[in-house]
Amino acid sequence: GAYPTRIPFAAIYERYAPQMPEFVRALEPPHFCEALALALDIDASHFRLGRTKIFFRAGKGEVLERLAERDLSEVVPMLLEKITQWEARKVA
C-alpha cells in the first residue's frame, strides 16, 4: 500500500507520553502521535491517522523507528524542544 509503515498509537504514546509535559500528555493518542510526527518535521502528506495506528509512507516512519532504538534520556529533551517549537508555531 501507499503507507507500508504502521505503528500503533499506543506503542508511541506509552513510550513517550510519560516523559512529556502535561499539555502533550493530555492529547488523545492519535493527536499525540500526530504532534510527535509534525514536531519531527515529518510532512503531513507523509502520514495518515487510522483508528488505532499511524501510517507512514515508505521510509517516512524511520524517524520514529530510529528514535525507538535510542535511549530515552537522549530522545526526550530533543522531543520536548521540538514539541515546544511546534506548539509555539501552532499558537502563532
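Helix α3 (residues 29-39) and helix α5 (residues 72-91) pack at about 95°, with axes 9 Å apart. That is why α3 and α5 count as roughly perpendicular, a label for angles of 65 to 115 degrees. Axes here are lines fitted to C-alpha atoms over the stretch in contact, and angles run from 0 to 180 degrees between N-to-C directions. Helices are DSSP runs of H or I of at least four residues, strands are E runs of at least two, and both are numbered from the N terminus.

This is a predicted model, where local features need pLDDT of at least 70 and side-chain atom pairs 80 or more, while totals for chains, interfaces and linings use all residues. Residues are numbered from 1 along each chain as its sequence is written, and side-chain values use heavy atoms, without hydrogens or water.

Back to the helices. The axes of α3 and α5 are 9 Å apart, and contact, meaning heavy atoms within 4.5 Å, involves A35, L36, L38 and A39 of α3 with L79, K82, I83, W86 and R89 of α5.

Next, helix α1 (residues 9-16) comes within 9 Å of α3, axis to axis, crossing at roughly 75°. That makes α1 roughly perpendicular to α3. F9, I12, Y13 and Y16 of α1 meet P29, P30, F32, C33 and L36 of α3.

Now the strands. Strand β1 (residues 5-8) runs antiparallel to strand β3 (residues 53-56), with four bridges; pairing requires at least two DSSP bridges. P8 stands opposite K53. Strand β2 (residues 47-49) is also antiparallel to β3, through three bridges, and F47 partners F56. A hairpin of three residues joins β2 to β3.

Definitions and conventions. Parallel < 35°, antiparallel > 145°, perpendicular 65-115°, else oblique.
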